[in-house]
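Trainee: I am new to this protein and would like to go through it slowly, one question at a time. Could we look at it together?

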Amino acid sequence: MQLSRRHFLSAGAAVGTLALAGCQSSSVPVAAAMPAQTGPLALNFNENSLGLPASSMKALQQALPGAFRYPDAARTELMQSLATHYGVQTNQLIYGNGSSEILKMSLDAMAADGAQLVMPDPTFGVIEDYALARGMKVVKVPVTAGLQTDIAGMKAAVAAHPGKSVVYLCNPNNPTGLLLPGAELNQWLEQGSDKLEFIIDEAYAEYVQDADFVSAISQVKAGNPHIAVARTFSKIYALAGLRVGYGIAEVSMLERMAAQASIDNANIAGCVAAKAALEDSSWVELSIKSNQQSLQLVMETLAALGLEALPCNANFIFHKVNGDTSVYQKRMEEAGILVGRSFSHTNGWNRLSLGRPDEMVTFCKTLIRFRQQGWV
């Protein structure tokens with residue numbers, strides 16, 4: 001499909017108008033510590049490309065001279081800040097080397113002889129590797145025709161299994177960015193038992209603007225002992241390279257998880273940077289502002305090009321590319337932009353990380369050029 005003159009002008013206007021309206025790095029400041037870009041534009045790992053928060057950088061500079069000490073005190077202070085932030089007790093929190101370690105210790109805590117892991121497909125896949133390493137059966141339930149997590153299908157997979165089921169749910173889901181329906185999710189979580197336990201991955205929760213979003217933390221606070229919630233500082237808090245994650249669970253579940261945690265998995269740099277970022281409300285506001293500006297720019301460009309996109313509840317967007325996804329990704333890489341990766345059941349769609357608004361101007365101009373060449 002060639003880009004008509006009318007559609008070309010519309011798409012170009014979307015890029016130009018929004019850029020002039022303030023969707024550039026001048027309106028959303030980049031952290032002073034942000035290194036100059038070298039290599040391709042990275043829009044593939046859902047990082048916060050604003051750079052390290054200034055508050056975290058200051059905390060790092062103050063803490064690093066003491067890096068010869070073990071990080072116990074810094075970890076304790078971070079856990080106390082998290083407890084205050086969420087209104088939970090410190091014995092309902094556990095530190096992880098990124099949320100990926102939280103997922104592993106949760107699965108290890110819940111695993112049992114004959115247990116199966118039930119998960120959507122596609123979703124964030126690292127937990128499948130953990131399950132297979134334990135010899136667990138893995139049941140992957142394809143998303144619906146609308147790309148929503150098929151809760152009914154997952155329930156059927158649980159009902160068909162005679163043993164224990166561990167259910168993994170990513171909310172909002174990665175790569176689709178869609179939220180789980182709150183009432184249906186809560187109803188299922190309340191059915192947790194010794195034979196049915198849940199791992200809820202909320203890596204992108206801080207980006208969600210939908211008032212209907214339901215965090216599983218509310219179930220933990222209500223005393224549900226069959227849930228583990230995984231969160232991270234890698235996304236909105238921009239600390240992906242420092243590997244700071246945390247789990248929230250009822251005390252009995254937390255104790256089971258702690259028995260599976262690696263010893264001394266924290267580092268002082270990550271702990272102090274995370275505490276500073278958590279207490280820096282202006283950073284979250286700035287990150288959401290940048291994300292919303294980038295989203296507006298991309299959505300208007302996609303609309304002008306007639307490319308469907310799913311609702312965005314994270315710092316990435318899932319959109320159509322009118323062709324084979326792997327071919328599109330290769331062409332983008334050749335143009336100097338890294339975009340997502342391929343996911344099962346979704347050929348013709350691509351996951352695009354939302355970088356800074358100025359970065360998305362570059363992406364949108366490239367996408368318009370792709371349409372001119374008949375590639376999307």
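Predicted model: local features only at pLDDT ≥ 70, side-chain atom pairs only at ≥ 80, totals over all residues.

Trainee: Which are the edge strands of the open sheet?
Mentor: The sheet has seven strands with mixed pairing, in the order β2-β8-β7-β6-β5-β3-β4, and its twist averages 20° from one strand to the next. An edge strand pairs on one side only, and this holds for β2 (93–96) and β4 (137–142).

Trainee: Within that sheet, which residue of β8 is the bridge partner of Val229?
Mentor: Strand β7 covers residues 227–232 and strand β8 covers residues 245–249; the two run antiparallel and are joined by five bridges. In β8, the bridge partner of Val229 is Ile248.

Trainee: Which strands does helix α9 touch as it packs on the sheet?
Mentor: Helix α7 (residues 182–189) also lies across strands, namely β5 (165–170), β6 (196–201) and β7, and it runs at about 140° to β6. Helix α9 (residues 251–258) has a direction that makes about 140° with that of β8, and the strands touched by α9 are β2, β6, β7 and β8.

Trainee: Are α11 and α13 roughly parallel or roughly antiparallel to each other?
Mentor: Helix α11 (residues 281–305) and helix α13 (residues 357–372) pack with their axes 9 Å apart, at an angle of about 10°. Angles under 35 degrees count as roughly parallel, and therefore α11 and α13 are roughly parallel.

Trainee: How many residues of the contact of α11 with α13 are nonpolar?
Mentor: On the α11 side the contact includes Leu297, Val298 and Leu302, and the residues met in α13 include Met360, Phe363 and Arg371. Four residues of this contact are polar and one is charged, while the nonpolar ones number eleven.

Trainee: Which residue just after α11 takes a positive phi?
Mentor: Helix α11 has 25 residues and reaches 36 Å from its first C-alpha to its last, close to the 36 Å expected. Just after α11, a positive phi of about 70° is taken by Gly306.

Methods: Residues numbered from 1 in each chain as written. Heavy atoms only, no water. Axes fitted to C-alpha atoms, helices over the stretch in contact; angles between N-to-C directions. Helix = DSSP H or I, 4+ residues; strand = E, 2+ residues; numbered from the N terminus. Parallel < 35°, antiparallel > 145°, perpendicular 65-115°, else oblique. Contact = heavy atoms within 4.5 Å. Nonpolar A, V, L, I, M, F, W, Y, C, P; charged D, E, K, R; others polar. Expected span 1.5 Å × (residues − 1). Pairing = 2+ DSSP bridges.
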